[in-house]
Amino acid sequence: MLGYFMKRVVLAIPVLLGVATLVFSLIHLVPGDPAQAMLGDGAAPQDVADLRRSLGLDQPLTTQYVKFLRGALSGDLGKSFRTGQPVTAMIVERVPATAELAVASMLVAIVIAIPLGVVAAVWRGTIIDFGAMTFALAGVSIPNFWLGPLLAIVFAVELGWLPVSGRGTLLHLVLPAISLGLALAAILARMTRASLLDELNELYVRAARARGVSRAGAVTAHALRNSLVPLLTIIALQFGAVLTGAVITETIFAWPGIGRLLIQSIGFRDYPTVQGCILLIAFTYVTVNLVTDLLYGFLDPRIRFE
Amino acid sequence: MTLRLRSGQARAGFVIVALVVAGAVFAPWVWPWDAAAQDLPHRLAGPSWQHWFGLDELGRDILARVLLGARVSLLVGIVVVGVSSVVGMAVGSVSGYFGGRVDQIIGRIMDVLMAFPGMLLAIALVAVLGPSIVNVVMALAVIGWVGYARLVRGQVLRAREFEYVTAARAIGAGTIRILTRHVLPSALPPLLVQATLGMAGAILSEAALSFLGLGVQPPTPSWGTMINGGRVHLLDAPHLTIFPGLFLAVVVLGFNFLGDGLRDAIDPRRR
């Protein structure tokens, strides 16, 4: 077991290094001089030179790279060009908001998806299955940047039940979480259906039925429990989609998270903050996938003995 | 390769996609209004017999702009899927066929690219390269090829062990001939499914980037830009947001229906 854990952790290191390298190179992809691009065409040459020095762009590339990696490891991501604050502090301040939104949207997704997937699998090939899966496919197709404003019109403006934007109470969380969670619910519902159908065909389910276990009992007590294990991977993989979706949802609902900070920083060409946000989101994604891998190995012994 | 779209969903998908392609291609002939012409006195006017989707904040016909936006979306989708699939096919077949160190190096590069969630890398690339349709296509292709490469690699790994491939090698066929004539054709059906679903993804991603102000720039109409522009008038003129979004959702749904139907046609166990 320990060997499996160690192997997975060691395998994640080159990926994290690659991610950091790609994020480091972002600023060097800026056409022309990044300092000039940040200050604008009308900036005085002295100001441009000062900014280049403060960003470390006047140093050799290898020195910049080593400094970036050291900074990333020690949690020093430089200073924001816009506010002058340390980027790490700005990001840490916004982590709770994004985490709250991500968790809430995943909960919304799970609550919708599992019953929908189960219903579709149990009544496979019927109008119920067709309706559930059409709903699921529609959910994947509806963009959250369209759904969000429409939900706001109906539930915040017309009905006045929920706040239009901002963060504060639990009510503030409802619309952003639904807007972000619906697409994930659609994907999970399809996966739940497929996974449950596989399990329903297994011999142990037929044996349970032959022993007199009811259809509902065979689904809930036997097949569903096993079909949820592969779903864990899908949920973890979709965590990345949730983090990316949060960039848009936070922008729509003025939710003060990392995604909104990223878009605001892009607008101000605040590249150190852009790099910091991207690095944090990618690192979180890799870590979540790693934890899922470890958890999966724990839940299913066949995986760790492969 | 003969594929029959048996399910109603797949046929519906085909009809939706065909209608949108026809609408985009024949836009100037099927709808008389000019997408750029302004009627300022009637700005924000709601849907009417004359203007089915109403007018926008500059008095431009929304349906004409939606149809023109379809050209942008489809073009982005086709180019992104085309470039991604060609690059993915080349990289995936080299990786799978040669194996060893080449496969390992390509595998690590793909691992790093896959470590970025969804569209995040595209947002980052467009943020530094600058907002433009070309940069959107480039950014989406940079993240898009990996999925095709993984798929083709898997298919090639399987196919290279087939007896007819061994026989081709034994009679002296070259690597390129073996790959293009014997190995890759077996990867085409799943690739077609991925490309169809990839169209939906690329169209949605372009719209999302344009919505964030990172994609197609005004005055060129794009569904994402139109939805974003309509947010200001959500209360007094919701049609500015509703129609482009509805069109986008239906087109993406059409490609998803079609992709699902093709997958079912290829793999009968899924039915």
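**Exercise 1. Find which residue with a positive phi follows α10(A), and examine the helix before it.**

Solution. The residue is A:Ala254, with phi near 45°. This is a predicted model, in which local features need pLDDT of at least 70, side-chain atom pairs count only at pLDDT 80 or more, and totals for chains, interfaces and linings use all residues. Residues are numbered from 1 along each chain as its sequence is written, and chains are lettered from A and ligands numbered from 1 in the order in which they are written.

Next, take the helix: α10 of chain A covers residues 215-252, 38 residues. Helices are DSSP runs (H or I, at least four residues), numbered from the N terminus. The end C-alpha atoms of α10 are only 45 Å apart, whereas a straight helix would reach 56 Å at 1.5 Å a residue. The expected span is 1.5 Å times one less than the number of residues.

Then locate the bend: a kink of about 45° is centred on A:Ala223. The bend is the angle between axes fitted to the seven residues ending at a residue and the seven starting there.

**Exercise 2. State where A:Arg269 lies and whether it is buried or partly exposed.**

Solution. A:Arg269 sits in the loop between α11 (258-267) and α12 (271-299) of chain A. Its phi is positive, near 50°. A:Arg269 has 19 other C-beta atoms within 10 Å, so it is partly exposed (buried is 20 or more, exposed 12 or fewer, partly exposed in between; C-beta atoms are placed from the backbone).

**Exercise 3. Identify the cis peptide bond in chain B.**

Solution. The bond joins B:Pro218 and B:Pro219, with omega about 10°. B:Pro219 belongs to the loop between α9 (188-211) and α10 (223-230) of chain B.

Methods
Helix = DSSP H or I, 4+ residues; strand = E, 2+ residues; numbered from the N terminus.
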